[in-house]
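Work through the exercises below with the model open beside you. Try each task before reading its solution.

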Amino acid sequence: MKLLGIGYQKIDICLNFCILYYLENTKLTECKTYKHARYKLRTGRGRTLVSYRKLRYFSITPKLQRLLMSPKTVEHMAWHHSHDAVNGVMVHPSDGESKKYYNMVHPYFSVESRNVRFGLCTDIFHPFGSFIAPYSCWSVILAVYNLPLRICMSLKFMFFL
């Protein structure tokens, strides 16, 4: 992942998914709710601490910075605000009722046309092909809805987290 320029941060989580050992919880050794230990008991392998579960956090900030640094893409970042929409026809997510409702509820966000709007999709898959394996992955895909449809739905501009 580092060779692709996509770094990530490992964050320990509770076995029951109820707490992230992050920020103010980094020093905790057990879950506040279920009192489950954070680390597995290790015998005969030294003092290496191994947590029961880990979350891998991929930051979108560097990807957005790269997107906004390119002169070719930055001119398209306000497209969703200025394109001509046909009444009653939705050809882009920016034409939908949800965007109009969001703009009405949050007018401070909709004033600036370059504020980034995302579409999120997620799904689970099992990398080892078995549902009984203890490993699963959640793919997360973010599409930037500021861009024109031909660009925002292309693989080059989607964020795979």
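A salt bridge here is a side-chain nitrogen of Lys or Arg within 4 Å of a carboxyl oxygen of Asp or Glu. The model is predicted, so local features need pLDDT of at least 70 and side-chain atom pairs count only at pLDDT 80 or more, while totals for chains, interfaces and linings use all residues. Residues are numbered from 1 along each chain as its sequence is written, and side-chain values use heavy atoms, leaving out hydrogens and water.

**Exercise 1. Find the salt bridges and state which residues form a network.**

Solution. 

Step 1. Apply the rule; the count comes to 3 salt bridges.

Step 2. Take Lys-54 and Asp-12. Their closest N and O atoms are 3.1 Å apart, and they form a salt bridge. The pair links distant parts of the chain: Lys-54 is in strand E2 and Asp-12 in strand E1, 42 residues apart. Strands are DSSP runs of at least two residues (E), helices are runs of at least four (H or I), and both are numbered from the N terminus.

Step 3. Take Asp-12 and Arg-38. Their side chains meet in a salt bridge at 3.0 Å, N to O. Asp-12 lies in strand E1 and Arg-38 in the loop between E1 and E2, so this pair ties together parts 26 residues apart in sequence.

Step 4. Join them up. Asp-12, Arg-38 and Lys-54 are linked in a network of salt bridges.

Step 5. Take Lys-100 and Glu-97. Their salt bridge has its closest N and O atoms 3.8 Å apart. The two residues are 3 apart in helix H4 (residues 97–105), so about one helical turn separates them.

**Exercise 2. What surrounds Arg-38?**

Solution. 

Step 1. Arg-38 sits in the loop between strand E1 (9–13) and strand E2 (53–57).

Step 2. List polar contacts (N or O atoms within 3.5 Å; within protein, one must be able to donate a hydrogen and the other to accept it, and residues adjacent in sequence count only if both atoms are side-chain atoms). The Arg-38 side chain makes one with the side chain of Asp-12 at 3.0 Å. Another, of 3.3 Å, joins the side chains of Arg-38 and Tyr-39.

Step 3. Widen to contacts, meaning heavy atoms within 4.5 Å. Leaving aside neighbours within four places in sequence, the partners of Arg-38 include Tyr-21, Asn-25, Leu-28, Glu-30, Val-50 and Tyr-52.
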